[in-house]
Amino acid sequence: FSTRLLLTAFAPLAMVCALLSGGAVACVASAMLAGGAGGGVTIETVLDDARRGALSALPPALWVLFALVPSVSSRIFSTWSCERFGYAEEGAADGTRSFLYADYAVECHTAEHARLKVLAGTLLMLWPIGVPALFLALLQMSRAATTAPTAPRSSALARAVGFLHAE
């Protein structure tokens, strides 16, 4: 279960990183090819091109996060969902045991389950809390461009996060 939980939590983040870095690399490479061997390449122009490329890849990266927050969060919260079963052992009193609903191989209220709850608690900060906080921060950063009556969505960041506040 812990492997699936980690994969569910970090595979989308790897995809987002790949999208952003791919956009940055593509924009830098395009600018270098367009500029030729003219020698006008400086670290500032490369960084500016990389920033532009990452911003151009930001909308699909945010869509990935936006689309996956519910399912990833559900997987994280499933760590606390246990199902109780009654059992009777020969020569022992009847009792109950609880198992993780998402994976019956994990018995609840054991050391293994406690470790999974610590992992899930950490992932809570990343997904159900962190991703919406990231969206809020991005919206706050682009607020001036999205609320200005003369220049709606004028900045690259405001255009990139536009779907978060679109009608």
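Biologist: How many strands form the open sheet, and in what order?

Modeller: First, the terms. Strands (E, at least two residues) and helices (H or I, at least four) are DSSP runs, numbered from the N terminus. Two strands pair if DSSP finds at least two bridges between them. Here, 3 strands form an open sheet in the order β1-β2-β3, with antiparallel pairing. β1 (82-87) and β3 (103-107) stand at the edges with a single partner strand each, so one side of each has no neighbour in the sheet. Neighbouring strands are turned by 45° against each other on average, direction ignored. Axes for such angles are lines fitted to C-alpha atoms, for helices over the stretch in contact; angles run from 0 to 180 degrees between N-to-C directions.

Biologist: What kind of model is this?

Modeller: This is a predicted model: local features need pLDDT of at least 70, side-chain atom pairs count only at pLDDT 80 or more, and totals for chains, interfaces and linings use all residues. Residues are numbered from 1 along each chain as its sequence is written, and side-chain values use heavy atoms, leaving out hydrogens and water.

Biologist: Over how many bridges do β2 and β3 pair?

Modeller: Strand β2 (residues 95-100) pairs with β3 over 2 bridges, in the antiparallel sense. Take L100: its bridge partner in β3 is D103.

Biologist: Which helix packs on the sheet?

Modeller: Look for contact, meaning heavy atoms within 4.5 Å. Helix α3 (residues 111-126) packs on the sheet and touches β1, β2 and β3. The direction of α3 makes about 110° with that of β3.

Biologist: How many salt bridges does a search of the whole structure find?

Modeller: A salt bridge is a side-chain nitrogen of Lys or Arg within 4 Å of a carboxyl oxygen of Asp or Glu. The search finds 4. One of them joins the side chains of D103 and R4, at 3.6 Å from N to O. D103 lies in strand β3 and R4 in helix α1 (residues 2-35), so the pair ties together parts that are 99 residues apart in sequence.

Biologist: Is D103 buried or exposed?

Modeller: Read the relative accessible area: buried is under 20%, exposed is over 50%, and partly exposed lies in between (1.4 Å probe, protein chains only). D103 is buried at 16%. R4 is partly exposed at 37%.

Biologist: Which residues are linked in a network of salt bridges?

Modeller: D48, D49 and R52 are. D48 and R52 have their closest N and O atoms 3.3 Å apart. D49 and R52 meet at 2.7 Å, N to O. D48 and R52 are 4 residues apart in helix α2 (residues 43-77), about one helical turn. D49 and R52 are 3 residues apart in α2, again about one helical turn. As for accessibility, D49 is buried at 11%. D48 is partly exposed at 37%, and R52 is partly exposed at 41%.

Biologist: Which residues does the disulfide join?

Modeller: A disulfide is a pair of cysteine sulfur atoms within 2.5 Å. The whole structure has 1. C82 is joined to C108, with 1.9 Å from S to S. The link is left-handed, with -100° about the S-S bond. C82 lies in strand β1 and C108 in the loop between β3 and α3, so the pair ties together parts that are 26 residues apart in sequence.

Biologist: Where do C82 and C108 stand in accessibility?

Modeller: C82 is partly exposed, at 31%. C108 is buried, at 3%. Another cysteine, C27, counts as buried at 19%.
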